[in-house]
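Good morning, and thank you for coming.

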Amino acid sequence: AGGTGDVAFRVLRAIRQAEAEALSTAGRPGTRTSASSPSPSAASAPGAGQPRPQGATPISPGTVVVCDINPHMLEEGRKKAAAAPDLAADTGLSFVEGNAESLPQFANSSFDSYTIVFGIRNVTDRQAALREAYRVLKPGGRFMCMEFSAVQQAGLRELYDLYSFNVIPLLGGLIANDRESYQYLVESIRKFPDQETFAGMIEDAGFKGVSFINLTGGIVAIHSGFKL
């Protein structure tokens, strides 16, 4: 999930910044850089085409793949990337249509990290999606998921339920003329496993070192796990 690329763009920008810093460090006396994972092209790396400092190990630029089951979301992501000066010509960014439950287009141990934000809640077979995430990650790779979760703080839980079931669908009907979609949003959040249950599902998929942190009292949680 994440076809519009909001998270992916931030990740790619962070990668490019790290590469630029590594290239800069390589130019200092007595320093060397280490090669990263291979990439289809070095043209998108900061400093590509510029003289490499003597003795520096080449840095292969990182890549980011945006995968979503919805082609319309992917098209919106492509438009946003094309409109961003720092992303439009970056060959390290790609968009792939795919179902999180089955990703045959990606080989085993393909990625260093796998992120999914506000998406796994809408996956029918979540356990299958978690197994696929494990499969496509390299050993040592990290799975990270941000999703709505179970509010832990007493008082806030009751206020959140009141707001969710009464205000959100109403606003959806008034502003977007689509009360049903916003009603589904609220109901899907309530049906999603709580933090501990979802952590157990991640472990069942094979991940180690599984943990989570709550945001805003548990309205949202970020889960993490490693393929070891």
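This is a predicted model: local features need pLDDT of at least 70, side-chain atom pairs count only at pLDDT 80 or more; totals for chains, interfaces and linings use all residues.

Ile175 has a relative accessibility of 72%, so this residue counts as exposed; the term exposed stands for over 50% relative accessible area, buried for under 20%, and partly exposed for the range in between, with a 1.4 Å probe and protein chains only. Residues are numbered from 1 along each chain as its sequence is written, and side-chain values use heavy atoms, with hydrogens and water left out.

Ile175 belongs to helix 5. Here helices are DSSP runs of H or I with at least four residues, and strands are runs of E with at least two, numbered from the N terminus.

Let us now turn to helix 6, residues 179–191, where Glu180 is found. Glu180 is exposed, at 69% relative accessibility. Between Glu180 and Pro169 there are 7.2 Å in space, C-alpha to C-alpha, and the two are 11 residues apart in sequence.

Glu203, in helix 7, is partly exposed, with a relative accessible area of 45%.

What, then, of helix 3? Of its 11 residues, 126–136, eight are buried, so helix 3 is largely enclosed by the rest of the structure. Among the buried ones are Arg126, Leu130 and Val136. Their cover, judged by contact (heavy atoms within 4.5 Å), includes strand 3 (111–117), strand 4 (137–148) and helix 7 (195–204).
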